[in-house]
2 protein chains.
Amino acid sequence: MQQLFQHISTYYKLSEPALEALYESLEKKELGRYEYLLTQGQVCRQMYFLEKGAIRGFYQLDGKDITHWFGFENNFVTSFHSFITGEASVENIQLEESSTLWAISKDKLTALYDEHHDIERLVRIAYENYYIKLEERYVNAQFRSAKERYDDLLKYSPHILERISLGHIASYLGISQETLSRIRSKH
Amino acid sequence: MQQLFQHISTYYKLSEPALEALYESLEKKELGRYEYLLTQGQVCRQMYFLEKGAIRGFYQLDGKDITHWFGFENNFVTSFHSFITGEASVENIQLEESSTLWAISKDKLTALYDEHHDIERLVRIAYENYYIKLEERYVNAQFRSAKERYDDLLKYSPHILERISLGHIASYLGISQETLSRIRSKH
DNA sequence: TTCATTTTTTGATATAAGTCAAAAAGAAAG
DNA sequence: CTTTCTTTTTGACTTATATCAAAAAATGAA
């Protein structure tokens, strides 16, 4: 919890009453490796803050898993599409490591927006940051070669390489596992 | 202006005083084809609402233009990274058609957040929507073939095909112009 | 209309990356 | 330690897409 509060203060400094209300709305979850936070078809009604651990989001395409994001310490994770629209999720969220999370329901978060302008500000700022990160990821993914994408990962997100299996990383990078293995073998 | 107000009401219904304050902060711009809203190296201090026209965002890679987004009627456009961080932009924003825009400066928008909680809510909701649209675009871009990406564009954004030159569309789809031409020739 | 410029198409060839199959290496279980 | 199962690597081959070059078509100006 301390860690969550520490992290969100890098986005925006909440007032004491807002922090207190937020505290009241959060629920701690401890889950083991390979457990699911969400499976496709469900509506995602929770937003999670990942205090410790690793998580991936993936969906099925032609019978294969496509991993399209990872979450680690200090990340907010949810199926954004489902959480925002209230529609059934097309993605699955699975733990890659045993993890400690803080969950808040959409209803409680919505209520907090009404009661505390600064919580809505914090979330607005968080969305801004998540938006530009995604935009960067998009540009890197679409307009660069497999090798360049791997080199970027090595440079900017080496923790992913240390904690996630090659198959999932290859999928995340949008390349085959064999190609990734070959790229890697030529340092 | 009517159109902007109409459009934002699909996100969230603002109070009368908020609408009035927003009205006071907007500035109308009419620009011609090929004019620039922003060139790389500048800090983007404005957010634009595109009432009528067409716009593209692109950056330079190995001497070539890479078009990574288009804007049309009812879109909010800016260099999000630069606007949000205040850093110099790596992208250029150029008009594809003569356009009518409404501009708001970051300073004025920030002031509006303080004065009107509901304007911050509107923007938070807009970011949510833009985030999930970008996420969809990301998944489509990275995990599908050139043909599938083109078919998607044809299905979901046919207006792009009618209004934008093939070279820019190919760049947007992350494929060469020749390949796009060949895909298209086989209906 | 005619000429010049830009955009799109077509052809030949090269290359990055995928697929299928099997071997090797690593991790887990008894 | 073996045995088993999973993950990673290697090899041979295929395929999608890029690149380079030139022709054709479209657009725009005079």
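## Basis of the model

This is a predicted model, in which local features need pLDDT of at least 70 and side-chain atom pairs count only at pLDDT 80 or more, while totals for chains, interfaces and linings use all residues. Residues are numbered from 1 along each chain as its sequence is written, and chains are lettered from A and ligands numbered from 1 in the order in which they are written.

## The sheet of chain A

In chain A, four strands make an open sheet with antiparallel pairing, in the order β1-β8-β3-β6; strands, like helices, are DSSP runs numbered from the N terminus (E over at least two residues for strands, H or I over at least four for helices), and two strands pair if DSSP finds at least two bridges between them. The edges are formed by β1 and β6 (75-77) of chain A, each of which pairs on one side only, and the twist from one strand to the next averages 30°. Strands of a sheet pair through backbone hydrogen bonds, either parallel or antiparallel.

Across β3 and β8 of chain A lies the helix α4(A), running at about 60° to β8(A).

## Helix packing in both chains

In chain A, helix α2 (residues 16-25) packs against helix α4 (residues 106-115) at an angle of about 165°, with the axes 10 Å apart; axes are lines fitted to C-alpha atoms, for helices over the stretch in contact, and angles run from 0 to 180 degrees between N-to-C directions. The angle makes α2(A) roughly antiparallel to α4(A), the term used for angles over 145 degrees. The crossing of α2(A) and α4(A) is right-handed, meaning that the near helix is turned clockwise from the far one by less than a right angle. Ala21(A), Leu22(A) and Ser25(A) of α2(A) meet Lys108(A), Leu112(A) and Glu115(A) of α4(A), where contact requires C-beta atoms, placed from the backbone, to lie within 7 Å.

In chain B, the axes of helix α2 (residues 16-25) and helix α4 (residues 106-115) come within 10 Å and cross at roughly 165°, which makes α2(B) roughly antiparallel to α4(B). The crossing of α2(B) and α4(B) is right-handed, and it brings Ala21(B), Leu22(B) and Ser25(B) to Lys108(B), Leu112(B) and Glu115(B). The residues of this contact divide into three nonpolar, one polar and two charged, where Ala, Val, Leu, Ile, Met, Phe, Trp, Tyr, Cys and Pro count as nonpolar, Asp, Glu, Lys and Arg as charged, and the others, Gly among them, as polar.

## Contact between the chains

The contact takes 26 residues from chain B and 26 residues from chain A. On the side of chain B that touches chain A, two or more residues come from each of β5 (64-71), α3 (80-85) and α5 (117-142) of chain B. The largest share of that side, 17 residues, comes from α5(B), and the side as a whole divides into 15 nonpolar, five polar and six charged residues.

## Surfaces near the DNA

DNA strand D is surrounded by 16 residues, the closest being Leu166(A), Ser181(A), Ser185(A), Ser145(B) and Thr179(B); a residue is near a strand if its C-beta atom, placed from the backbone, lies within 6 Å of it. Two or more residues of this surface come from each of α8 (166-173) and α9 (177-185) of chain A and α6 (146-156) and α9 (177-185) of chain B, and α9(A) gives the most, with six residues. By class, the surface near DNA strand D has three nonpolar, eight polar and five charged residues.

Around DNA strand C there are 16 residues, of which Ser145(A), Ser176(A), Thr179(A), Leu166(B) and Ser181(B) come nearest. At least two residues of the surface near DNA strand C are supplied by each of α6 (146-156) and α9 of chain A and α8 (166-173) and α9 of chain B. α9(B) gives the most to this surface, with six residues, and the classes here are three nonpolar, eight polar and five charged residues.

Technical notes: Two residues are in contact if their C-beta atoms, placed from the backbone, lie within 7 Å. Angles under 35 degrees count as roughly parallel, over 145 as roughly antiparallel, 65 to 115 as roughly perpendicular and the rest as oblique.
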